[in-house]
Amino acid sequence: MIALYNIPFLAVIGLVLVGLYAVLFRRNIIKIIIGITIIESGVNLFLITLGYREGSIAPIYTSSPGGLMAMPVPQALTLTSIVIGVAVLALMLSLAIHLFRHYGTLDAREIGGKEE
Amino acid sequence: MNTIDFLLMHAPALIVATPLLGAFLTPLFGKVHARLRSGFVLLIVLLTCLLVGLLSYDIFITGGIHTYVFGAQDLTLPVVRILFEVDAMSMFMALISVILALVAVIYSWAYMKDNTGLDKFYTLVLLMTTGMLGMELTGDMFNFFVFLEITSIASCALIAFWTNKGKSVEAGFKYIVISTIGALFVLFAIALLYGQYNALNIAVLANAIQFTFVDRIALVLLVAALAMKAGIVPMHMWLPDAYGRSPAPVTIILVGATQASLYGVFRVCFTLYGDVITLPQVSIGWIMVLLGLITILVGVIMALLQSDFRRLIAFGAVAEIGYMFLGVGAGLAVLGAPEMTSVGLTAMKGGIFHIMNDALDVGLLFLVAGAVYYTTRENSLDRLGGLARNMKYTTVFFIIGLLAISGIPPMNGFASKLLIYESTYQLNPVIAVIAVLSSIMLLAIFVKIFYSVFLGPALPQFHTVKESPRSMLLAMGIITMIILFFGLFPDFVLTTIVEPAVNALLGYQEYIAQVLPGGL
């Protein structure tokens with residue numbers, strides 16, 4: 001059942017590609033922001049997937065059935081990454097609000113073409 | 001144990017902790033009095049400078065590597081800890097960062113005084129300094145990513161600081177998109193490495209690295225993402241906007257942040273992949289040389305076309321980054337070939353020395369452009385003119401900056417560019433010719449701006465323009481003094497700080513041995 005194990009990795013690649021597509025080819029700033037969050041979800045999913053090691057159990061100390069526990073480093077990394085992602089998302093949205101106030105549009109190309 | 005020893009031992013942590021703590025105390029002092037807050041920020045930055053100076057003195061004299069462990073001290077599994085590993089290269093970059101941060105804070109004193117929201121401004125400046133220093137001192141890949149994000153978030157907010165200007169916000173948005181995607185790819189690469197070697201520590205990873213297919217993907221992702229953040233062509237489009245639209249003191253710290261990313265590229269290539277980068281099938285050195293050359297050419301040619309003072313300097317900065325990439329790439333390209341060792345070493349020295357020189361030269365030019373904007377509220381080269389009459393000192397600083405950036409003998413830019421020309425000529429004369437020609441074109445461009453901004457007839461609308469305020473002159477004066485010192489005593493600088501940095505970059509074995517004494 002190798003294919004079953006690979007599904008998360010395929011999902012990661014799919015998410016990253018969808019996100020990149022949105023960032024590169026969409027003009028709407030909100031859609032670009034959504035694209036970035038999708039890439040971020042892909043990367044987070046990848047980190048979490050790495051948390052599973054063959055033959056190990058989940059690192060929950062209080063109710064362990066016994067056996068080798070996987071090192072919970074990827075979970076810690078993912079949490080940090082999610083927190084950073086929230087900060088970036090908030091900042092990007094606040095910039096989008098400012099851009100809309102200045103230019104009255106969210107179309108990246110229209111904004112780029114305008115003078116001061 | 002006396003105080004100095006104690007400070008030295010904890011310096012790696014304190015260098016990052018001081019500005020971080022200072023950043024969040026700043027608004028508190030701002031509640032009391034505006035001047036107290038500015039003084040406090042200056043004090044914090046001076047303190048950081050002092051700590052960096054102390055640690056770099058120790059590292060450059062003894063040539064050792066300092067490590068600082070956060071978390072578990074002993075190596076019983078599971079090892080939960082983060083390591084700071086500070087060698088001469090890290091200290092070299094940290095020196096640049098703190099010099100730029102100090103100058104920026106002094107400069108902001110007058111430049112930003114009419115703005116509101118200065119508590120937040122200074123908080124972000126200190127956070128950005130924290131991020132840069134953290135990136136340079138850390139010995140842990142994930143920690144590197146975290147500091148990278150701290151730097152990008154703080155710098156993005158600072159680029160868009162003038163939210164009343166649409167173009168500044170647009171530049172900030174471009175920057176955050178680019179740097180977030182870059183950082184996510186860095187994280188992806190870190191995950192790829194973790195998945196294979198179960199480690200995040202740079203030394204442990206460098207010890208275990210095999211150069212499998214997945215490692216290659218990770219290397220490409222890391223170098224591409226960090227080069228994007230360093231503004232290498234063809235991923236430079238955010239840089240002129242970010243440099244040209246942000247307030248001048250922010251621009252100069254941003255130069256430092258860009259170079260911290262460049263440091264990331266070098267650390268990844270030389271230390272993380274140090275064991276496998278010299279394999280004959282790895283051609284990343286030549287790719288870096290090629291990218292460096294394209295960057296130089298595109299930067300210079302685009303600079304010719306600009307009519308905005310600060311965007312023009314920004315394209316000049318792009319070209320300068322190309323020189324560093326060229327120098328270090330040339331060194332990397334011949335690293336494996338024993339008969340070319342001395343050439344490679346010279347190229348590396350030139351490239352590394354140029355990092356420092358570029359920070360100072362480009363920084364000085366941006367400060368001058370900021371001073372011109374401050375006094376005239378004008379950025380367009382078509383509308384500026386005749387300012388030498390009213391701004392004597394600023395003009396002198398600009399002359400020094402333009403000589404330094406185009407590599408004219410008594411200035412520091414000459415010392416490093418000569419090393420790059422000399423060594424790349426032996427690799428392939430065409431590279432050296434392009435590098436020299438581009439320098440000459442830079443000189444021509446900057447002489448043209450000098451003429452159009454400072455010389456020419458006195459314009460009636462600038463009749464009342466006064467000399468820049470004292471704090472701005474002081475900031476420009478500090479950089480000028482360092483430029484002149486480096487230009488007059490290049491040998492001293494080369495032997496005391498540049499050579500140890502180059503050796504640290506090449507000596508990945510010592511870097512590994514510091515963390516894993518017996519190897520694994």
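User: What share of the 520 residues in chain B is buried?

Analyst: A residue is buried if 20 or more other C-beta atoms, placed from the backbone, lie within 10 Å of its own, exposed if 12 or fewer, and partly exposed in between. Here, buried residues make up 61% of the 520 in chain B. Bear in mind that this is a predicted model, where local features need pLDDT of at least 70, side-chain atom pairs count only at pLDDT 80 or more, and totals for chains, interfaces and linings use all residues. Residues are numbered from 1 along each chain as its sequence is written, while chains are lettered from A and ligands numbered from 1 in the order in which they are written.

User: How many helices and strands are there in chain B?

Analyst: Both are DSSP runs numbered from the N terminus: helices are H or I with at least four residues, strands are E with at least two. Chain B has 19 helices and 2 strands.

User: At what angle do the axes of helix 1 and helix 2 of chain B cross?

Analyst: Axes are lines fitted to C-alpha atoms, for helices over the stretch in contact, and angles run from 0 to 180 degrees between N-to-C directions. Helix 1 (residues 3-32) and helix 2 (residues 34-62) of chain B cross at roughly 175°, with their axes coming within 9 Å. That makes the two helices of chain B roughly antiparallel (angles under 35 degrees count as roughly parallel, over 145 as roughly antiparallel, 65 to 115 as roughly perpendicular and the rest as oblique).

User: Is helix 10 of chain B mostly covered or uncovered?

Analyst: Mostly covered: 25 of the 25 residues in helix 10 of chain B are buried.

User: And where is B:Leu239 placed?

Analyst: B:Leu239 is in helix 9 (residues 238-245) of chain B. It counts as buried because it has 28 C-beta neighbours inside 10 Å. Contact is called when two C-beta atoms, placed from the backbone, lie within 7 Å. Neighbours within four places in sequence aside, B:Leu239 is in contact with B:Gly231, B:Ala314 and B:Val318.

User: Which residues does a cis peptide bond join, and which residue other than glycine has a phi near 65°?

Analyst: Most residues other than glycine have a negative phi, and most peptide bonds are trans. In this model, a cis bond joins B:Val233 and B:Pro234, with omega about 5°. B:Pro234 sits in the loop between helix 8 (213-230) and helix 9 of chain B. The positive phi near 65° belongs to B:Phe211, in the loop between helix 7 and helix 8 of chain B. B:Asn198, not a glycine either, has a positive phi of about 55°.
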